[in-house]
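Have the sequence and the model open as you read.

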Amino acid sequence: GNYEICAGLPIKNLRPLLLPTDPDAASKVVARLVHLAKYHTSAAIDNPRSPLTDKLAVSLMQQPGWQLGDPYNLIPFEDPSQIELPVGSVAFLKIVNNSRHILHIAVLDLEPVWAISTIGIQGQSTDFYPMDPGTEQIIPLQFSLPPDAKHYSRVAETLKVFAAIGPTSFSWLELPILDNPIISRGSHRDNERGNTRSAQAQASQDPLNRLLQAIDAESPPRRAAIVITDPNQDWTTQQVQFTLVQ
């Protein structure tokens, strides 16, 4: 009795349900398709042949009983490929720069509500955080679910970490919650993000910046433009996935 969007099987957690009797249902389905295409395109970005790939270490860690102000004594999860976190629990994203370069780091949270948001590092809300060679960052994170949490008993979430040698803005990939309008950031970037960061992004017209801008454009990019595998490109990405459970 409602529309389904499928990728083999119906995609879960598309809320609220869209009914054929809704006069705006067709346009809402199209808007959801555009939104989901951008979300999955961002999730698919990868550069496995980059020389930086083995130099960026990303992991999700735990510290039972940790409270704000406690020193870190982190331990890995028993099976890092099958992490399950109760809603409201705290986990720690650990990022290590093992390269000989300063890496400009950005962390994106691919949320269960089909939103993509930027996670600040050291309390900063800038487009990227510069990490010196041989240093690490630990980000404590507490995870929650949407207000209608009864529909989200088990949901997947992904933390995607980007690292680039040059200044790069990854805010092009941000998305609102599903069914909220997607606003193209290209024409309003100076006002929304600040003239300095906008100038940095415009000045660095390398393939990565062009890719990110293409994803944010009104027309979805061709599939061939989604993944860059040139080993000479000075950027990489790593991600960790986990399941939130009620």
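Helices (H or I, at least four residues) and strands (E, at least two) are DSSP runs, numbered from the N terminus. By that count, the protein has four helices and 12 strands. Keep in mind that this is a predicted model, where local features need pLDDT of at least 70, side-chain atom pairs count only at pLDDT 80 or more, and totals for chains, interfaces and linings use all residues. Residues are numbered from 1 along each chain as its sequence is written, and side-chain values use heavy atoms, with hydrogens and water left out.

**Overall picture**

Buried means under 20% relative accessible area, exposed over 50%, and partly exposed in between (1.4 Å probe, protein chains only). Of the 246 residues in the protein, 42% are buried. Accessible areas come from the Shrake-Rupley method with a 1.4 Å probe, and for residues only the protein chains shown count as cover. The protein exposes about 13100 Å², with carbon and sulfur atoms supplying 52% of it. A contact means heavy atoms within 4.5 Å. Among contacts between residues at least 6 apart in sequence, 75% join residues at least 24 apart.

**Strands side by side**

Two strands pair if DSSP finds at least two bridges between them. Strand β12 (residues 235–245) pairs with strand β11 (residues 154–164) in the antiparallel sense over 11 bridges, and Arg154 stands opposite Val245 there. With strand β5 (residues 84–86), β12 pairs in the parallel sense over three bridges; here Glu84 has Thr243 as its bridge partner.

Then there's an open sheet of four strands in the order β4-β3-β6-β10, with antiparallel pairing. Its edges are β4 and β10, each with a single partner strand, so one side of each is left without a neighbour in the sheet.

A nonpolar core is a set of buried Ala, Val, Leu, Ile, Met, Phe, Trp, Tyr and Cys residues joined through side-chain atoms within 4.5 Å. The largest one has 31 residues, and those with the most contacts inside it are Leu60, Leu85, Leu93, Ile95, Ile105, Val107 and Leu159. Two or more residues each come from β3 (56–62), β6 (90–97), β7 (103–110), β9 (129–131), β10 (136–142), β11 and β12. The largest share, four residues, comes from β11. A second, separate core of 23 residues includes Trp114, Ile116, Leu178 and Ile215.

What does Leu85 touch, not counting residues up to four places away in sequence? Its contacts are Leu60, Phe77, Ala91, Phe143, Phe242, Thr243, Leu244 and Val245.

Two of those neighbours also meet ring to ring. Rings of Phe, Tyr and Trp (its six-membered ring) pair if their centres lie within 6.5 Å; planes under 30 degrees apart count as stacked, over 60 as edge-to-face and the rest as tilted. The whole structure has six aromatic pairs. In one, the rings of Phe143 and Phe242 have centres 4.6 Å apart and planes at 55°, so the pair is tilted. Phe143 sits in the loop between β10 and β11 and Phe242 in strand β12, so the pair ties together parts that are 99 residues apart in sequence. Elsewhere, Trp66, Tyr72 and Phe92 form one aromatic cluster.

**Burial of selected residues**

| Residue | Relative accessible area | Class |
|---|---|---|
| Phe242 | 2% | buried |
| Phe143 | 4% | buried |
| Thr237 | 5% | buried |
| Asn13 | 18% | buried |
| Asp70 | 32% | partly exposed |
| Asp179 | 38% | partly exposed |

Thr237 belongs to strand β12, and its side chain reaches the backbone oxygen of Val161 at 2.9 Å. Asp70, in the loop between β3 and β4 (75–76), has a side chain that reaches the backbone nitrogen of Gln67 at 2.8 Å.

Most residues other than glycine have a negative phi, and most peptide bonds are trans. Asn13 has a positive phi of about 60°, and Asp179 has one near 80°. The peptide bond from Arg15 to Pro16 is cis, with omega near -5°. Pro16 lies in the loop between β2 (9–10) and α1 (25–44), and Asn13 is found in the loop between β2 and α1 as well.

Conventions:
A polar contact is a pair of N or O atoms within 3.5 Å; within protein, one must be able to donate a hydrogen and the other to accept it, and residues adjacent in sequence count only if both atoms are side-chain atoms.
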